[in-house]
Amino acid sequence: MYPKVDSMTHELSDDTKLKEYLESCDECISYGNGRSYGDSALSANIVHTKPHDFFLDFDDAKGLLHVQSGVLLSEILESYVPRGWFLMVTPGTKLITVGGSIASDVHGKNHHTEGCFSSCVLEFNMMLEDGSVKNVKSGTELFKATCGGMGLTGIILDAKIQLKKIHSQYIKQTTIKTKNLRETFRAFDKYKDEPYSVAWIDCLAKGDDIGKCLLMVGDFDTKGDLDYKPKSKLNIPFNFPSFALNNLSVKAFNWLYYAKAPNGESKQRVGIDSFFYPLDSIKNWNRIYGKGGFTQYQFILPLEVSYDGLQEILGLISASGKGSFLAVLKLYGKKNDNYLSFPIEGYSLALDFKIEKGLFELLDQLDEVVVRLGGRIYLTKDVRVSKDTFESGYEDIEKFRAYRKKQKMDTKFHSLQSKRVQI
Amino acid sequence: MSYVLIVGAKSDIAKEVARTYAKNGYNLYLAARNVTSLEDLAIDIRTRSGVEVHLKELDITEYEIHQDFYDSLEERPLGVVTVSGYMAEQKEAQVEWAKSLNTINVNYTGTVSFLNIVANDFEKERRGFIVGVSSVAGDRGRKANYIYGSAKAGFSAYLGGLRNRLYESGVQVLTVKPGFVNTAMTKELDLPEKLIAQPLEVAEDIFKAQQNGGNVLYTKWIWRYIMFIISHIPEFIFKKMSI
């Protein structure tokens with residue numbers, strides 16, 4: 001269950017060396033900053049793209065940024081928030097590369113209004129299996145296969161992305177405390193015009209309390225300064241003993257977090273880092289799960305079955321007593337045209353679980369519900385689903401496979417994950 | 001506007017030092033041999049930070065041109081960071097004099113020649129900072145790399161003396177002693193992962209220590225203690241060891 005592999009690394013520098021490398025190795029996969037939770041960037045041979053980190057150009061009039069694929073989102077923020085620009089789409093961590101953002105077609109709190117990361121990508125250059133460099137424009141088949149394609153179409157070299165204008169580094173946030181899943185759904189619906197929304201859910205709640213949450217919605221303030229300084233990091237210096245995080249401590253944490261919020265609706269004004277990247281400010285936060293580590297589980301259900309499905313799944317989790325330290329619920333907008341992008345219209349739940357006895361049996365149970373309801377699992381977070389479970393949710397998987405075969409991409413680009421689910 | 005001059009700008013540490021100073025609003029002179037190869041880095045830094053970046057051709061081992069080079073800078077720098085370093089394979093350096101000599105010249109002689117000029121100017125102006133990147137290898141000679149180590153030892157002693165001399169003029173001198181750093185220089189070595197610093201960490205440590213008026217910086221910090229122990233092993237034991 002815990003894939004470990006000794007890898008040979010090629011540090012991405014220039015095209016000529018990469019071409020030689022691709023000719024010399026049997027198969028490989030891109031590896032950015034290593035923040036995918038599962039095995040999607042693991043392979044015996046990896047192309048490490050993070051050292052490929054030059055900023056190439058910025059068009060101040062249009063907010064168009066051209067960077068190499070190893071640049072971190074955090075570096076973009078550091079440079080451009082003070083000048084009044086922000087990422088159009090950002091996930092809950094800024095410690096990922098631009099190349100990785102494209103390969104996972106990441107999304108964030110504004111998926112319902114702005115879509116996935118690919119919607120801010122105008123074009124990118126990538127090296128294909130034969131060593132040729134291709135310019136890939138939005139709308140082409142190679143674009144649709146690559147965005148969300150988990151690095152399986154080639155090595156992304158650089159990309160042009162659109163930034164959005166902001167006038168303040170602060171976000172006007174409204175927090176809504178709900179008592180059950182019905183209220184949670186109503187709140188999501190009521191605030192669907194707010195650009196950013198996400199809910200932290202108490203997954204140990206039982207009975208009538210199932211689905212109670214803190215929904216946080218908001219938008220950038222129009223007033224305030226742009227004097228953005230990334231928060232300094234708190235470090236977790238060592239692995240917590242594995243008993244530190246148990247059902248009780250999760251309960252206490254969730255309860256404290258939930259209890260601390262005022263009833264009903266409340267307003268706050270918060271900074272970029274605490275609104276978008278709450279966990280990034282704790283370095284090595286994964287260590288609170290102890291040496292055994294943790295796994296993420298993220299699925300999405302079609303809108304029409306989301307309510308019943310979440311009732312069922314939250315019921316199963318709560319009954320198992322396996323607490324998730326962090327459970328994040330969000331209503332997504334329309335799906336895009338990319339073959340393997342995760343988001344569809346509906347509710348998605350992301351959970352962290354400490355690795356322990358009985359966990360994988362529980363996750364198998366959850367898989368069954370997701371498959372039965374026509375939902376899907378997020379590859380970027382996944383390390384364990386079977387080929388059948390994976391396939392059932394992604395209707396374009398055969399198109400992706402056929403394209404990969406036709407372009408001979410399957411002769412060169414593989415990860416442990418692509419082999420596991422046979423894509 | 002204030003300029004920082006980075007000498008030996010092609011190294012992995014220099015790249016991050018340059019970015020860090022630029023991020024904090026300093027304009028840059030980047031000096032190195034075949035400096036045109038740094039054009040992409042200059043664009044990167046201008047795009048990231050909106051500061052001025054000028055590339056300057058400089059061979060640290062061509063002593064006779066150092067004064068002209070320094071005089072030709074459009075604006076006198078506020079501070080100078082020397083990152084020049086060259087580590088030949090020890091086994092080759094001990095049998096090929098040319099490699100020994102180049103190691104000594106890049107790490108010691110050339111840098112001394114250059115910093116003498118800077119020091120004289122800063123002393124006169126009674127301002128400025130000098131950051132010299134030396135190495136923990138200079139703290140004790142070991143068979144694994146004593147030619148490189150002895151050049152760095154000389155350089156560390158030079159910086160110590162310079163700091164002592166310039167104290168009265170209010171010029172700061174910071175000696176930087178990195179341990180293992182993940183760079184082109186150490187790529188082929190098999191090193192313990194926990195002791196390896198990333199170039200960015202080293203650069204941030206340097207910037208912080210320089211801004212806080214530091215004297216001697218070990219980076220990662222644990223090297224101060226490792227080297228304390230290594231320096232205190234009695235010679236009759238040390239000579240038999242392979243570390």
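**Figure 1. The helices and strands of chain B in the predicted model.** Chain B contains nine helices and seven strands, where helices (H or I, at least four residues) and strands (E, at least two) are DSSP runs numbered from the N terminus. The radius of gyration of chain B, which is taken over C-alpha atoms, is 18 Å, close to the 18 Å that the globule rule gives for 243 residues, so chain B is as compact as a globular protein of that length; the rule itself is 2.2 Å times the number of residues to the power 0.38. Chain B has an average pLDDT of 95, and 100% of its residues score at least 70, pLDDT being the predictor's confidence in each residue, from 0 to 100. This is a predicted model, in which local features need pLDDT of at least 70 and side-chain atom pairs count only at pLDDT 80 or more, while totals for chains, interfaces and linings use all residues. Residues are numbered from 1 along each chain as its sequence is written, and chains are lettered from A and ligands numbered from 1 in the order in which they are written.

**Figure 2. Where chain A meets chain B.** Seven residues of chain A are in contact with seven residues of chain B, two residues being in contact if their C-beta atoms, placed from the backbone, lie within 7 Å. On the side of chain A that touches chain B, the elements giving two or more residues are β4 (55-59) and α2 (73-80) of chain A, and β4(A) gives the most, with four residues.

Figure 3. The buried residues are A:Leu73, A:Glu75, A:Ile76, A:Leu77, A:Ser79 and A:Tyr80. Their cover includes β5 (64-68), β6 (85-87), α3 (98-103) and β9 (155-165) of chain A, together with α2 (39-49) of chain B.

**Figure 4. The largest nonpolar core.** Among the 112 residues of this core, those touching the most other members include A:Ile102, A:Val121 and A:Leu349; a nonpolar core is a set of buried Ala, Val, Leu, Ile, Met, Phe, Trp, Tyr and Cys residues joined through C-beta atoms within 7 Å. The largest share of the core, six residues, comes from β9(A). Domain 1 (8-166 + 394-420) and domain 2 (170-391) of chain A both give residues to this core, so it lies between them, the domain bounds coming from an automatic or database domain assignment.

Terms used
A residue is buried if 20 or more other C-beta atoms lie within 10 Å of its own, exposed if 12 or fewer, and partly exposed in between; C-beta atoms are placed from the backbone.
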